[in-house]
Amino acid sequence: METHETKKLEYLKELTAQYFTTLKPTNEPNSYTVQIKVFNYFELACTITDMLKLCILALENDAHNFSKPDKSASINVSLILETVLNMFPMNEFEFLGSVGEILGE
């Protein structure tokens with residue numbers, strides 16, 4: 001029985017190395033980073049400003065409350081959703097599914 005449990009533990013370690021790739025450990029304990037891919041600084045700036053604008057709209061519930069009523073006040077919802085999708089830890093969820101299968105044996 002102990003050999004079977006050891007094999008499960010080794011397999012679990014392999015799955016962890018394979019699937020837990022979204023969070024990267026930092027030098028600080030219990031701290032991780034998530035990498036977001038962008039084409040350049042301008043896209044990064046657009047992403048950050050669109051997220052801030054979305055938060056302002058959500059807090060004030062008024063689409064016309066920006067200081068400049070021009071095109072730069074519009075929110076690129078597609079970019080925000082794409083960023084969130086890239087941050088979604090699919091590998092970790094796939095891992096959790098595998099762990100559930102192992103533990104269900």
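Colleague: What is the mean pLDDT of the chain, and what share of its residues reach 70 or more?

Modeller: This is a predicted model, and the place to begin is its confidence: where pLDDT is low, the predicted coordinates should not be read in detail. Here the mean pLDDT of the chain is 80, with 85% of its residues at 70 or more. Confidence is highest in E2, at 88, and lowest in helix H3 (residues 77-87), at a mean of 80.

Colleague: Which residues form the largest nonpolar core?

Modeller: A nonpolar core is a set of buried nonpolar residues joined through side-chain atoms within 4.5 Å. In this chain the largest such core has five residues, namely Leu15, Tyr19, Phe95, Val99 and Ile102. Helix H1 (2-19) and helix H4 (90-103) are the elements that give two or more residues to this core, and H4 gives the most, with three. Leu15, leaving aside residues up to four places away in sequence, touches Phe20, Phe95, Ser98 and Ile102.

Colleague: Where is Asn30 found, and what is its phi?

Modeller: Asn30 is found in the loop between strand E1 (23-25) and strand E2 (32-34), and, although not a glycine, Asn30 has a positive phi of about 55°. With a relative accessible area of 78%, Asn30 is exposed.

Conventions
Residues numbered from 1 in each chain as written. Heavy atoms only, no water. Helix = DSSP H or I, 4+ residues; strand = E, 2+ residues; numbered from the N terminus. Buried < 20%, exposed > 50% of the residue type's maximum accessible area, 1.4 Å probe, protein only. pLDDT = per-residue confidence, 0-100. Contact = heavy atoms within 4.5 Å.
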